[in-house]
Amino acid sequence: MMVTPDDYWYEEESQEIAGVTVPSILNDFIENQPSIVDRFYTKLYFVSPCKPDEPHQVLFHTNRICLVGFAKEHVAFEKGIRSVSFEVGKFDRSENKVSGRKKSGGMILQADSTLALVTCEDDSVYKLRSCVQGKLVEVNERVVAEPEIMRLNGEGYVAIVMPKIEHCDSLKEKLLSHDAYMKTRENK
C-alpha cells in the first residue's frame, strides 16, 4: 500500500501559555527573522589607532564565548585573501586541544596575541589578533581551505576564545559597540 501526503492530517489547535496565544507554526512564519548572529551575539569591534584600516570584529555570546575575525571593512578583503595560516612564530594555533567544561589545555591568549596570519593576493600579510584575553577554545580550520568564508558573518570567524568571567565587563568596555564603530567609519 502506497502512502500519500493526504494520508496524514494535522488539526491545528489554538494554544495559550501564560495568557499569551502561541503563534501557529503553519501560518505565522516570520520571513525576515534575524540571523542567529544578530539574535544571540553582541557585535564588538577593535580598531587600532595606528592601523584604522585593519578593524577586528568580536562576536560576544551571552555564554561568554567570543568569535574573533576581521571586520568586513578590513583592508584584506579589498585586496583579496589568498591564504590563512595558524602557524604564528613558535606556535601553531591549529594544534590547540581543549577538554572538559573548563576547556583545560587551551592556549592562554592576551588581547594582542596573534591568532593567524592572513596573506593577501598582493603578498601583504596581516595579523589577526585575539582582541580578547582568555583561552583559545578552537580555530576555524575551514578558513584555511576556503579563505573567502571569512566574509560571512557567523561562519567566517577565525577562532573561538573564552575570556574569564571576571574579565567580561572590562572586555566589553575596551571594545567598540556596533554604533560607535559605525561612527568611527563615518568620520574616516
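User: What volume of space lies in the largest cavity?
Analyst: The model is predicted. A search of this structure finds one cavity of 30 Å³ or more. The space in the largest cavity comes to about 120 Å³.

User: Which residues lie nearest the centre of the largest cavity?
Analyst: The lining of the largest cavity is made up of 16 residues. By class they divide into nine nonpolar, five polar and two charged. Those nearest the centre are Gln57, Phe70, Leu152, Asn153 and Gly156.

User: Which element gives the largest share of the lining of the largest cavity?
Analyst: At least two lining residues come from β4, and at least two from β5. The largest share is four residues, and the element that supplies it is β5.

User: How many bridges join strand β4 to β5?
Analyst: Strands of a sheet pair through backbone hydrogen bonds, either parallel or antiparallel. Strand β4 (residues 51-61) and β5 run antiparallel. Leu59 has Leu67 in β5 as its bridge partner. The bridges that join β4 to β5 number five.

User: Which residue in the hairpin of β4 and β5 takes a positive phi?
Analyst: The hairpin has four residues between the strands. A positive phi near 75 degrees is found there at Arg64.

User: Which residue in β13 stands opposite Cys66?
Analyst: β5 is also joined to strand β13 (residues 159-162), by three bridges. The two strands run antiparallel. Opposite Cys66, the residue in β13 is Val161.

User: Why is the pair of Tyr45 and Tyr181 called stacked?
Analyst: The whole structure holds two aromatic pairs. In the pair of Tyr45 and Tyr181 the ring centres are 3.9 Å apart. Planes under 30 degrees apart count as stacked, and the pair qualifies because its planes are at 5 degrees.

User: How many residues apart in sequence are the parts that Tyr45 and Tyr181 tie together?
Analyst: Tyr45 lies in strand β3 (residues 41-48), and Tyr181 lies in helix α5 (residues 178-186). Tyr45 counts as buried, at 5% relative accessibility, and Tyr181 counts as buried too, at 0%. The parts tied together by the pair are apart in sequence by 136 residues.

User: What is the angle between the planes of Phe70 and Phe77?
Analyst: Phe70 and Phe77 form an aromatic pair with a distance of 6.4 Å centre to centre. Phe77 counts as buried, at 6% relative accessibility. Planes over 60 degrees apart count as edge-to-face. Phe70 and Phe77 form such a pair, with an angle between the planes of 85 degrees.

User: Which residue in β10 stands opposite Ser83?
Analyst: β6 pairs with strand β10 (residues 114-120) in the antiparallel sense. Four bridges make up this pairing. The residue in β10 that stands opposite Ser83 is Thr119.

User: Which element gives the most to the lining of the largest pocket?
Analyst: The largest pocket holds about 430 Å³ of space and has 19 lining residues. Phe46, Ala111, Asp112, Arg129 and Cys131 lie nearest its centre. β3, β4, β11 and α4 (168-174) each supply at least two residues of the lining. With four residues, the element that gives the most is β11.

User: How many charged residues are in the lining of the second largest pocket?
Analyst: The second largest pocket has a volume of about 220 Å³. Among its lining residues are Arg64, Arg101, Lys102 and His167. The elements that give two or more residues to this lining are β9 (108-109) and β12 (134-139). By class the lining has four nonpolar and three polar residues, and the charged ones number five.

Methods: Residues are numbered from 1 along each chain as its sequence is written. This is a predicted model: local features need pLDDT of at least 70, side-chain atom pairs count only at pLDDT 80 or more; totals for chains, interfaces and linings use all residues. Side-chain values use heavy atoms; hydrogens and water are left out. Two strands pair if DSSP finds at least two bridges between them. Rings of Phe, Tyr and Trp (its six-membered ring) pair if their centres lie within 6.5 Å; planes under 30 degrees apart count as stacked, over 60 as edge-to-face and the rest as tilted. Buried means under 20% relative accessible area, exposed over 50%, partly exposed in between (1.4 Å probe, protein chains only). On a 1 Å grid over the protein atoms alone, a cavity is a set of points where a 1.4 Å probe fits but cannot get out, and a pocket is an open set with protein on both sides within 12 Å along at least five of seven lines; lining residues have an atom within 4 Å of a point. Grid points are joined across faces, edges and corners, and a volume is the space filled by probe spheres set on the points. Ala, Val, Leu, Ile, Met, Phe, Trp, Tyr, Cys and Pro count as nonpolar, Asp, Glu, Lys and Arg as charged, and the others, Gly among them, as polar.
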